[in-house]
Amino acid sequence: MIILGIESSCDDTSASIVKDGREILSNIISSQIDLHARFGGVVPEVASRKHVELINPVINEAISKANICFTDIDGIAVTNRPGLLGALLIGVTAAKSLSAALDVPLVGIHHLQGHIAANFLINPNFGFPFITLVVSGGHTDLILVRSHDDYEILGRTRDDAAGEAFDKSARILELGYPGGPVIDRIAKEGNPKAIHFPRAKLDDTLDFSFSGLKTAVIRFYKEQGNKHSMADIAASFQDAVVDMLVQTTLKAVEATGINRIAIAGGVAANSRLQQQMKEKSAKRGIEFSCPPPILCTDNAAMIACAGYYTIKSGKLIPKEIDTIASQPISG
Ligand code: KG4
Ligand code: ZN
């Protein structure tokens with residue numbers, strides 16, 4: 001089954017062709033980062049206009065790179081929620097038009113379901129149930145996944161998302177946007193134990209909080225920034241975020257008795273998070289899955305993969321799909 005995936009929920013315009021939910025024939029990602037960097041974050045109106053320009057060329061490139069014709073497509077999957085409404089609309093409109101023209105099924109995919117599905121691209125036989133940590137620019141959720149369409153949120157951030165913590169701290173440290181990749185890179189040269197930043201401990205819950213850490217970074221940088229190398233500050237900040245993410249995920253494993261962890265979302269590309277999760281999981285005999293960095297950040301292959309499982313399930317697919325700015329993955 002050949003699925004065309006389309007993703008335009010934020011600042012990446014992406015189209016991908018995936019065969020049988022696992023073989024990526026093409027995955028074209030046109031990032032708008034350079035365009036938004038000078039504003040220090042994504043400007044929704046600018047993003048929408050850029051998606052309009054890019055959507056058709058990106059889809060055409062996905063088709064030609066995959067070496068297929070439009071008529072080979074068996075179904076279309078598009079991110080329709082949550083995200084920037086104007087940005088989502090561009091992908092959804094393109095998907096609707098193509099599905100009508102080609103007379104193939106169209107499925108609307110929840111963006112986080114897509115991120116989680118990235119794990120099935122590399123690990124199609126990863127078993128259910130599993131605990132997944134979804135960490136992106138807008139979300140930090142611990143989710144119990146029972147099947148391809150059964151999700152239960154066990155915990156979430158009470159303030160900033162993990163990606164936001166990276167982006168905001170990078171701005172405070174004058175490192176530019178987006179903060180995650182730059183902090184990850186600089187931290188490689190630093191000592192993660194040089195400075196002890198606070199870790200929020202929310203007893204009796206599987207929730208997260210990153211706003212205290214952000215305040216600590218602001219105060220530290222103002223008062224003692226010149227006494228430490230940027231590499232040590234970045235590494236110590238990253239250590240605090242990763243520590244909170246890993247400890248709470250392990251707490252979820254303990255609480256549920258489910259011995260399988262997958263991580264997903266842009267922050268899952270973080271090298272220290274991947275390494276710490278891998279190491280701690282191996283020590284405890286926990287099965288661990290993590291997509292390669294290119295499939296962690298926004299891309300359409302993960303959407304095509306999620307669409308494959310939705311179409312394959314044979315469940316009735318609604319004829320009309322709505323574009324929704326905000327909606328939890330479950331409940
Ligand atoms: O999933 P994503 O591409 O878009 C959203 O759905 O939000 O995630 C983007 C976020 C940004 O906050 C970015 O700074 C962060 O992921 N990110 C990283 C890394 N690469 C991207 N954070 C930490 N380490 C990285 N290597
Ligand atoms: Zn995302």
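Analyst: Helices (H or I, at least four residues) and strands (E, at least two) are DSSP runs, numbered from the N terminus. This is a predicted model, in which local features need pLDDT of at least 70 and side-chain atom pairs count only at pLDDT 80 or more, while totals for chains, interfaces and linings use all residues. Residues are numbered from 1 along each chain as its sequence is written, chains are lettered from A and ligands numbered from 1 in the order in which they are written, and side-chain values use heavy atoms, leaving out hydrogens and water.

User: Which helix holds Cys 296, and is Cys 296 buried or exposed?
Analyst: Cys 296 sits in helix α10, residues 293-296. Its relative accessible area is 0%. Buried means under 20% relative accessible area, exposed over 50%, partly exposed in between (1.4 Å probe, protein chains only). So Cys 296, in α10, is buried.

User: How far apart are the C-alpha atoms of Cys 296 and Gly 266?
Analyst: Along the chain, Cys 296 and Gly 266 are 30 residues apart.

User: Why is strand β4 largely enclosed by the rest of the structure?
Analyst: Strand β4 covers residues 75-81. It is largely enclosed because the number of its seven residues that are buried is seven.

User: What handedness has the unit of β4, helix α3 and β5?
Analyst: Helix α3 spans residues 85-102 and forms a β-α-β unit with β4 and β5. A crossover is right-handed if, with the strands pointing away from the viewer, the path from the first strand over the helix to the second runs clockwise. This unit is right-handed.

User: Which protein atoms are donors of the zinc ion (ligand 2)?
Analyst: Donors are N, O and S atoms within 2.8 Å of the metal (3.2 Å for Na, K and Ca); water is not among the atoms, so sites may look incomplete. Along the chain the spacing is H-x3-H-x182-D. The protein donors lie 2.0 to 2.1 Å from zinc: His 111 (NE2), His 115 (NE2) and Asp 298 (OD).

User: What separates His 111 and His 115 in helix α4?
Analyst: Helix α4 covers residues 111-122. His 111 is buried at 8%, and His 115 is buried at 1%. The two are four residues apart, so their separation is about one helical turn.

User: How much of the area of ligand 1 does the protein bury?
Analyst: Oxygen atoms of ligand 1 lie 2.8 Å from a polar backbone atom of Gly 137 and 3.0 Å from one of Gly 266. Taken alone, ligand 1 exposes 560 Å², of which the protein buries 88%.

User: What is phi of Asn 67?
Analyst: Asn 67 lies in the loop between α2 (44-65) and β4. It is exposed, at 72% relative accessibility. Its phi is positive in a residue other than glycine, near 60°.

Key. A polar contact is a pair of N or O atoms within 3.5 Å; within protein, one must be able to donate a hydrogen and the other to accept it, and residues adjacent in sequence count only if both atoms are side-chain atoms. Accessible areas come from the Shrake-Rupley method with a 1.4 Å probe; for residues, only the protein chains shown count as cover.
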